[in-house]
Amino acid sequence: MKKILFTLITLAGIAGAAQAQLFNTSTAQIDFYSKTPVEDIEAHSKNAVVILDTKTNNVVFQVQNTSFVFPNKLMQEHFNEKYMESEKFPKSQFSGKINETIDYSKDGSYDVTVTGKLTAHGVTQDRTINGKLVVKGGTIQLTTDFKVKVADHKIQIPTLVTAKIAEEVSVHVDALLSPKK
Amino acid sequence: MKNYLLILISFFSIPAFAQDDLLNMLENENPDKPSPVYATFKSTRVINLQSNETMKKKHLDFRIQHRFTPLDFTAGNNYGAYNLFGLDGAVLRLGFEYGITDKLMVGAGRSTIGKTYDFMLKYKILQQTTKGKRAMPFSLNYFGNMGINTLAWSDPKRSNLFTSRLSFVNQLIITKKFNDHVSLIVSPTLVHYNLVDSVKNPNDIFALGIGGSFKISRSSRFNIEYIPRLNGRDAFNGLYHDAFAIGFDIETGGHVFQLHFTNAGGLIEQQFVARTTDEFNGVSKLRFGFNLSRTFSMEKEGK
């Protein structure tokens, strides 16, 4: 009996190691674009952190607002000082759950919807976001494009620059997750 | 046997993480890193004084600085109104300032007084960072410039040396942004003139610039500064006085307008730290002035 138990436990251990439950990255890319007839603005961060729990399908994203890099540094300063108020609200985040059933054990590509909460500028909005999930060679890639209305997050744009900043900002996310160590 | 089975199952089961657990995990693994404090001041100048701000790498600032003649409300015979409160008389500096790196800025300008060309350099030695374990509590900059006076020699028959035209400024700029609304500055300053009018008068003037910037709204600030001299206050027969200024910054995207009142007519340190001729003893002696700054990014779009 003892022998059988020992074997089973060992097997369980091996099985657990073979299939990791948590996947993460700290170098996910988030880009955003504001397009108006007057001015196109874009910014990029390569320091977003992501964790995906493959058992519960829960996924969380977080990015430090000061990590966004703009080609125009004056805009970068205004982004942090005037619009995101990064001293008060240093991070933006999304936490949600993937609605589809996904077989993480083999390679495959899925169109997914994620329902959860998007927090930016201290304001949380319920959102369902469409994205793509690709399982390949033990890694998981998450990509999504969605739009954020700046007014939804109580980010005010002074009348003087309304022509230059879009009311709706496009966000692109690309995260390659590997098993969490 | 049942017990064994239970134990067995517990080995197989994997913990489930709620979204909050995952968020906490992120917080623990990625704590707030100290990041550079931004926007201590709106512009590279507080008013007359240099601030700790520099142009970022590959960014060019085109500056137009104006100071008018004193308001002169009290000069009698409606003198102030006759000159539209000083607007009929103006001195000007045009300047280009450029960020070679995010820490090093160089610039050149030309101002009316003494037909002076100036070449300047500002370097960020220490950068204040946000709260964190190894946060830097303040910023420290070095500022230096050389002025070349290009007025015609007052006595061409005398043996005149080019070096007599030169003057220099060395300055340390210590700033701290206390919170979103308050930033303060202290700037020990040395101004050196290669030539002064008499051996009795000092070539070196030490001064201590002090000032503050107070945020009013997301796009505007109130600024104030005072630059007491530490030596030579009675030299030059008491002709010169300390510079004082009070004003507002208004920012509109790529432009910063600085509108102010000051008793100093000069636009570079050589002129306002130690050569301010009007004593600040009332509103009538103040001059209206403005700095206009337009920033251009030379960095390629995209990427």
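Two strands count as paired if DSSP finds at least two bridges between them. Helices (H or I, at least four residues) and strands (E, at least two) are DSSP runs, numbered from the N terminus.

This is a predicted model, in which local features need pLDDT of at least 70, side-chain atom pairs count only at pLDDT 80 or more, and totals for chains, interfaces and linings use all residues. Residues are numbered from 1 along each chain as its sequence is written, and chains are lettered from A and ligands numbered from 1 in the order in which they are written.

**Stop 1**

Select B:His260 and B:Gly289. B:His260 stands opposite B:Gly289 in E12(B). Now show the whole of E11(B) and E12(B), which pair in the antiparallel sense over 8 bridges. Strands of a sheet pair through backbone hydrogen bonds, either parallel or antiparallel.

Colour the residues of strand E11 (residues 255–262) of chain B by face. B:Val256, B:Gln258, B:His260 and B:Thr262 make up the covered face, while B:His255, B:Phe257, B:Leu259 and B:Phe261 make up the uncovered one. In a regular strand the side chains alternate between the two faces of the sheet.

B:Ile246 is found opposite B:Phe261 in E11(B). The two strands form a hairpin with 2 residues between them, and B:Gly253 in the turn has a positive phi of about 65°.

**Stop 2: B:Asn291**

Select B:Asn291, which lies in strand E12 (residues 287–297) of chain B. Is B:Asn291 buried or exposed? B:Asn291 is buried, with 24 other C-beta atoms within 10 Å. A residue is called buried if 20 or more other C-beta atoms lie within 10 Å of its own, exposed if 12 or fewer, and partly exposed in between, with C-beta atoms placed from the backbone.

Leaving aside neighbours within four places in sequence, B:Asn291 is in contact with B:Ser43, B:Arg45, B:Arg63, B:Gln65 and B:Gln258. Contact here requires C-beta atoms, placed from the backbone, within 7 Å. For B:Ser43, draw a distance between C-alpha atoms: B:Asn291 and B:Ser43 are 248 residues apart along the chain and their C-alpha atoms are separated by 9.7 Å.

**Stop 3: the whole chain B barrel**

The 12 strands close in the order E1-E2-E3-E4-E5-E6-E7-E8-E9-E10-E11-E12, with antiparallel pairing. From one strand to the next the twist averages 20°. Angles run from 0 to 180 degrees between N-to-C directions, and axes are lines fitted to C-alpha atoms, for helices over the stretch in contact.

Pick out strand E7 (residues 182–193) and strand E8 (residues 204–217) of chain B, an antiparallel pair joined by 11 bridges. B:Val182 has B:Phe214 in E8(B) as its bridge partner.

**Stop 4: chain A**

Switch to chain A, which has 2 helices and 8 strands. Along the sequence the pattern is α-β-β-β-α-β-β-β-β-β. The radius of gyration of chain A, taken over C-alpha atoms, is 20 Å, well over the 16 Å that the globule rule gives for 181 residues, so chain A is more spread out than a compact globule. That rule is 2.2 Å times the number of residues to the power 0.38. The C-alpha atoms fill a box of roughly 80 × 30 × 25 Å, taken along the principal axes. Of the 181 residues of chain A, 30% count as buried.

Select the strands: E1-E2-E3-E4-E5-E6-E7-E8 of chain A form a closed barrel of 8 strands with antiparallel pairing. The twist here averages 25° from one strand to the next. Strand E6 (residues 123–136) and strand E7 (residues 139–149) of chain A pair over 6 bridges in the antiparallel sense, and the bridge partner of A:Lys136 in E7(A) is A:Thr139.

**Stop 5: where the chains meet**

Show both chains. The contact takes 31 residues from chain A and 32 residues from chain B. On the side of chain A that touches chain B, H2(A) gives the most, with 6 residues.

Select helix H2 (residues 19–29) of chain B, which lies across E2, E3 and strand E4 (91–98) of chain A and runs at about 35° to E3(A). Then select A:Val60, whose contacts include B:Gln19, B:Leu22, B:Leu23 and B:Leu26.

How values were computed
Two residues are in contact if their C-beta atoms, placed from the backbone, lie within 7 Å.
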